[in-house]
Amino acid sequence: MIRLSIQARQALARLTLPVLIVASFGLMLLGKADVLLADRARVMVSDVLSPIYVLLAEPLGAARGMVTGVGDLWSLHAENARLRDENERLRRWQSIALALDSENERLKASLRWIPDPDASFVTARVVADAGGVYARAALLALGPNHGIRKGGIALDERGLAGRVTEVGTRTARVLLITDLNSRIPVTMEDSRARAILVGTNGPRPRLLYWPEGVMPREGERIVTSAEANAFPANLPVGMVRYNAGGVPEVEPEALLGRLEILRVFDYGLGSLPVPPETRERPTPGQH
Amino acid sequence: MALSARAQNNIQPRPTLGRRLDIASRHAMPVFGTLIIMLLTQAPFRLASQAALLPAVTVIAVWFWSLARPASMPPPAVFMLGVLLDLMGYLPLGVGVLILLAVQGAALRLARPLAPRGFLLGWFVFVWIATGAAMLTWVLVSLLTFRLIAAGPAMFQTVLTVALFPVLSIPLGAAHRTIAAPEQA
């Protein structure tokens with residue numbers, strides 16, 4: 001080891017912090033210059049950490065279940081009455097749905113309708129938040145050979161949750177529809193008008209760019225549109241709600257605040273537009 | 001007389017291997033302890049806005065150890081913790097690093113005037129540190145993503161960090177006096 005005088009050593013020690021601060025600015029530039037670098041490092045970190053979270057998920061889930069179980073006991077009676085009511089209502093809707101379904105089948109048969117191909121899907125557990133403070137995303141824990149690809153479409157049991165943006169060996173990151181970078185082509189179900197659903201990082205994404213002459217109606221259902229070939233048509237997304245400022249927003253059908261299980265569908269759609277966050281910069285002279 | 005008193009003070013146990021390992025692990029405790037609580041905040045507790053926990057506890061730990069045991073929280077280790085904060089907290093690369101280094105710089109400056117004061121004044125000073133850290137994060141994220149991000153999360157971040165400080169101070173203070181104290185080895 002080189003022996004330095006005490007003064008020299010003190011001066012070096014005083015320099016470490018400023019030098020590292022300069023290095024952090026360098027890191028920011030590097031992160032801007034090579035977007036994929038940070039993404040790849042993140043996937044690596046989450047691949048390493050996800051087994052720990054999977055292990056922790058079980059006991060933590062059990063503890064949470066016990067806590068909510070005690071709360072549920074209190075409201076058992078009221079909950080029962082509510083469920084009986086809802087069941088009755090749903091039974092009526094079920095008979096309507098079955099009638100419409102069989103009618104739909106008959107009509108399709110007489111039209112020689114080409115059925116949509118069945119989509120394959122993988123079900124995975126959400127193990128961690130993958131968005132941090134300034135993004136909305138979820139981390140899925142997967143087994144080896146999971147077959148999930150970038151651009152896979154994630155739904156919870158109620159509706160559209162988001163899209164897969166990064167895939168590791170044991171994890172996948174799903175960018176939620178509420179994220180600032182999320183843009184989703186949608187259709188308003190009643191007017192069949194198209195629009196774009198734009199995430200704001202808030203709980204309700206905003207509806208933008210609908211055609212002139214059509215206004216989104218309060219309570220209107222919003223489904224995906226097959227435009228741009230990024231999504232299959234008619235996946236349930238949510239309902240239109242006007243906020244206090246008179247801006248149409250969409251209350252997502254999926255319970256994005258407490259996702260536990262997601263199904264990731266592979267619809268085999270062709271040219272998937274890559275989300276802007278992960279887009280590769282064209283390098284000059286390589287085209 | 002004075003000479004013999006100094007000689008007595010210098011009497012120390014022999015530096016056996018076990019003792020040296022003990023000292024080394026006590027020196028390493030602040031950094032590894034910070035690493036472990038950072039990982040713990042990511043566990044699937046399914047709390048609402050759990051993501052805000054990670055930057056909060058990291059800033060608190062770096063501030064606390066930079067004040068209490070600056071020798072055991074060297075700037076290069078803070079740099080590495082910052083990189084991990086960026087990766088796990090999905091911040092643009094370099095933002096967490098800069099925040100933590102700034103917090104440490106402030107702590108090293110303030111260590112001397114703050115040392116003899118009580119906990120309440122320390123907490124009051126930390127309110128400004130937490131506010132500065134959250135605001136700086138917000139400004140940097142906005143700049144690096146080329147868009148104005150809502151300031152709500154930054155305010156929530158500040159409040160959470162300030163509120164968690166006394167809670168975390170108890171275990172950190174206990175560790176400071178026991179398992180992180182090399183002089184007790």
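The model is predicted: local features need pLDDT of at least 70, side-chain atom pairs count only at pLDDT 80 or more, and totals for chains, interfaces and linings use all residues. Residues are numbered from 1 along each chain as its sequence is written, while chains are lettered from A and ligands numbered from 1 in the order in which they are written. Helices (H or I, at least four residues) and strands (E, at least two) are DSSP runs, numbered from the N terminus.

**The barrel of chain A**

- In chain A, six strands close into a barrel in the order 1-2-5-4-3-12, with antiparallel pairing. Two strands pair if DSSP finds at least two bridges between them.
- Neighbouring strands of this sheet are turned by 40° against each other on average, direction ignored.
- Axes are lines fitted to C-alpha atoms, for helices over the stretch in contact, and angles run from 0 to 180 degrees between N-to-C directions.
- Strand 3 (residues 153-155) and strand 12 (residues 261-266) of chain A run antiparallel and are joined by three bridges.
- Opposite A:Ile153 stands A:Phe265, in strand 12 of chain A.
- Helix 2 (residues 35-74) of chain A packs on the sheet and touches strand 1 (120-129), strand 2 (137-141), strand 4 (160-167) and strand 5 (171-176) of chain A. The direction of helix 2 of chain A makes about 85° with that of strand 1 of chain A.

**Domains of chain A**

- Chain A is assigned domain 1 (75-115) and domain 2 (183-253). These bounds come from an automatic or database domain assignment.
- The centres of domain 1 and domain 2 of chain A, taken over C-alpha atoms, are separated by 24 Å.

**Where chain A meets chain B**

- Chain A gives 33 residues to the contact, and chain B gives 35 residues. Two residues are in contact if their C-beta atoms, placed from the backbone, lie within 7 Å.
- On the side of chain A that touches chain B, helix 1 (6-33), helix 2 and strand 1 of chain A each supply at least two residues. The largest share of that side, 11 residues, comes from helix 1 of chain A.
- That side of chain A has 21 nonpolar, seven polar and five charged residues. Ala, Val, Leu, Ile, Met, Phe, Trp, Tyr, Cys and Pro count as nonpolar, Asp, Glu, Lys and Arg as charged, and the others, Gly among them, as polar.

**Helix pairs in chain B**

- Helix 2 (residues 17-40) and helix 4 (residues 75-88) of chain B have axes that come within 11 Å and cross at roughly 5°. So helix 2 of chain B is roughly parallel to helix 4 of chain B. Angles under 35 degrees count as roughly parallel, over 145 as roughly antiparallel, 65 to 115 as roughly perpendicular and the rest as oblique.
- B:Val31 and B:Leu35 of helix 2 are among the contact residues, as are B:Leu81 and B:Leu84 of helix 4. The contact has seven nonpolar, one polar and no charged residues.
- Helix 3 (residues 53-68) and helix 7 (residues 152-177) of chain B pack at about 45°, with their axes 8 Å apart. Helix 3 of chain B is therefore oblique to helix 7 of chain B.
- Residues that meet here include B:Phe64 in helix 3 and B:Leu168 in helix 7 of chain B. This contact has 13 nonpolar, four polar and no charged residues.
- Helix 4 and helix 5 (residues 95-114) of chain B pack at about 145°, with their axes 7 Å apart. Their contact has 10 nonpolar, three polar and one charged residues.
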